[in-house]
Amino acid sequence: MTTSFAKRIAVAPDVMFRTVGDESVLLHLKSETYLGLDPIGTRMWTVLTRSESIQSAYEVLLKEYEVDGQQLRRDLEDFVGKLVEHDLVLIDSD
């Protein structure tokens with residue numbers, strides 16, 4: 001899935017996020033779909049859902065982690081795709 005990095009991620013209705021230690025769980029209450037996140041996935045979720053755009057989140061994460069920019073871009077695209085696939089987020093153009 002290719003999503004424009006100019007778009008914003010919003011938590012879908014009926015989605016609960018809980019941190020347990022340095023990991024977390026996302027649960028869609030209506031579909032009972034859940035996704036477990038490791039520490040890096042948890043950080044990606046937090047930054048994505050608090051940023052004004054996927055690009056803004058990308059820039060924050062690029063500064064925090066020693067990672068190739070293209071690799072981070074692919075990882076974010078994959079992560080956002082999985083979140084959308086499980087109806088855990090909405091993509092908003094505002």
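How many residues lie between β2 and β3 in their hairpin, and which residue in the turn has a positive phi? The model shown here is a predicted one. In it, β2 and β3 form a hairpin with two residues between them. The residue in question is Gly21, which sits in the turn and has a positive phi of about 70°.

Strand β3 covers residues 23-28, runs antiparallel to β2, and is joined to β2 by six bridges. Thr19 has Ser24 of β3 as its bridge partner.

Strands of a sheet pair through backbone hydrogen bonds, and the pairing may be parallel or antiparallel. Here three strands make up an open sheet, in the order β2-β3-β4, and their pairing is antiparallel. Two of them are edge strands: β2, residues 15-20, and β4, residues 33-37, each of which pairs on one side only. From one strand to the next, the twist averages 15°.

Next come the helices. Helix α1 spans residues 39-50 and helix α2 spans residues 54-64; the two pack with their axes 8 Å apart, at an angle of about 140°.

Which residues meet where the helices touch? From α1 come Arg43, Met44, Val47 and Leu48, and from α2 come Ile54, Ala57, Val60, Leu61 and Glu64. Sorted by class, this contact of α1 with α2 contains seven nonpolar residues, two charged residues and no polar ones.

Aromatic rings provide a further link. A pair of aromatic rings is described by the distance of the centres and the angle of the planes. The structure has two aromatic pairs. One of them is formed by Phe5 and Tyr58, with 6.1 Å from centre to centre and 70° between the planes, and is edge-to-face. Phe5 is in the segment before β1 (8-11), while Tyr58 is in helix α2, so this pair ties together parts that are 53 residues apart in sequence.

Note on methods. Residues numbered from 1 in each chain as written. Predicted model: local features only at pLDDT ≥ 70, side-chain atom pairs only at ≥ 80, totals over all residues. Heavy atoms only, no water. Pairing = 2+ DSSP bridges. Helix = DSSP H or I, 4+ residues; strand = E, 2+ residues; numbered from the N terminus. Axes fitted to C-alpha atoms, helices over the stretch in contact; angles between N-to-C directions. Contact = heavy atoms within 4.5 Å. Nonpolar A, V, L, I, M, F, W, Y, C, P; charged D, E, K, R; others polar. Phe/Tyr/Trp six-rings, centres within 6.5 Å; stacked < 30°, edge-to-face > 60°.
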